[in-house]
Amino acid sequence: MLIGLPLADLALLLVAGVALDLLLGEPRRWHPLVGFGRLATVLEARLNLGRWRLARGALAWMLAVLPFTLLAWWLAAQAGMLMQVLVHVLLLYFALGLRSLREHTLPIFRALQAGELDAARRLTGRIVSRDTLDASPSDLAKAGAESLLENGNDAVFGTLFWFLVAGGPGALLFRLANTLDAMWGYRSERFNLFGRFAARIDDVLNLLPARLTALSYVLLAPRGGHARAWHCWRTQAPSWSSPNAGPVMASGAGALGIALGGAARYDGVLEARPPLGLGRAAAPEDILRAWRLVSGTALLWVLLVCAAALLAVGVGVGVGVGVGVGVGVGVGAGHA
């Protein structure tokens, strides 16, 4: 671990951060990521112009991310024990978005179940960039399920992974980088050069978490879905435009046994996306099924970390006892 904390301590901090997210959800006012997004908007407006846009984008990324990450690292390293705990737990809480995923997607499911199509379109439009004004119930269910599966990695599992690697500062670094990719990482005329650095950094940071997420979806697939999820991951992910979203969404769609991907309309233009998953078209209940897969994966990760921590403590105790016995026997033999 880059922060030098024992795995047992890190596991306790992780459990505390996840519990805080589930208990409180995202802050209703003064959310740090909202403030960060406004800062990113100002930086982009000031720097995304003229020549050298690739270099300007890299500079903007560093100005946005590095000061906060370094400050978090300094606070975690310099503070006393109680303050260290608070820094790590609060940073993980602010970076996580598990409860937020539920709060933004399950209302879509409930609106579709109640036949409130206009409300479902409005709610879906808040979380995806595709056009939803004329979307059918199946289109909205597909958008909700895709958002849950992909953001399960971006808002939850990637954050947990980097917390385990580098504590609260690691979780913060990942979440800020992922936010800038979501804001700048487009291949449009405006962002193709300026946002390329943000997109590549996010690709690198997400490389391992995305594949661990995809593997988790395979393992937690409903009965009979394990092989299908693995097959979809291996055969469909390479066709997806994002090297990390592809494995996550293909595996998740295969696990649920539904057809995702395919055509979607963005800014009035119909975009032909590769297919993801195998099976029937998405239905409203698949939003709920996708949430259960994501929340189950979160529980799996927490349990695995706790199990690893208990194992590490047990091994450490065993080694300590063994060394103590060995030293005692050696000393006794010397006196004899």
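Guide: In this predicted model, Lys and Arg count as positive and Asp and Glu as negative. With that convention, the mean positions of the 29 positive and 21 negative charges of the protein lie 2 Å apart.

Visitor: What are the overall dimensions of the box that the C-alpha atoms fill?

Guide: Taken along the principal axes, the box is roughly 90 × 55 × 35 Å. The protein contains 11 helices and 5 strands, and buried residues account for 48% of its 336 residues. The accessible surface amounts to about 16,700 Å², with 67% of that area belonging to carbon and sulfur atoms.

Visitor: How many salt bridges does the structure hold?

Guide: A salt bridge pairs a side-chain nitrogen of Lys or Arg with a carboxyl oxygen of Asp or Glu within 4 Å. The structure holds 8 of them. One of these joins the side chains of E103 and R99, at 2.6 Å from N to O.

Visitor: Where do E103 and R99 lie?

Guide: Both residues belong to helix α5 (residues 98-113), where they are 4 residues apart, about one turn of the helix.

Visitor: Why is R99 classed as buried and E103 as partly exposed?

Guide: The class follows from relative accessible area: under 20% is buried, over 50% is exposed, and values in between are partly exposed. R99 is buried because its relative accessible area is 17%, whereas E103 is partly exposed, with a value of 24%.

Visitor: What is the N to O distance in the salt bridge between R273 and E146?

Guide: The side chains of R273 and E146 meet at 3.1 Å. This pair links distant parts of the chain, 127 residues apart: R273 is in the loop between β3 (269-271) and β4 (275-276), and E146 is in helix α7 (residues 137-184). Both R273 and E146 are buried.

Visitor: What share of contacts joins residues at least 24 apart?

Guide: Among contacts between residues at least 6 apart in sequence, 71% join residues at least 24 apart.

Terms used. Residues numbered from 1 in each chain as written. Predicted model: local features only at pLDDT ≥ 70, side-chain atom pairs only at ≥ 80, totals over all residues. Heavy atoms only, no water. Helix = DSSP H or I, 4+ residues; strand = E, 2+ residues; numbered from the N terminus. Buried < 20%, exposed > 50% of the residue type's maximum accessible area, 1.4 Å probe, protein only. Contact = heavy atoms within 4.5 Å. Areas by Shrake-Rupley, 256 points an atom, 1.4 Å probe, with all protein chains shown as cover. Charge placed at Lys NZ, Arg CZ, Asp CG, Glu CD.
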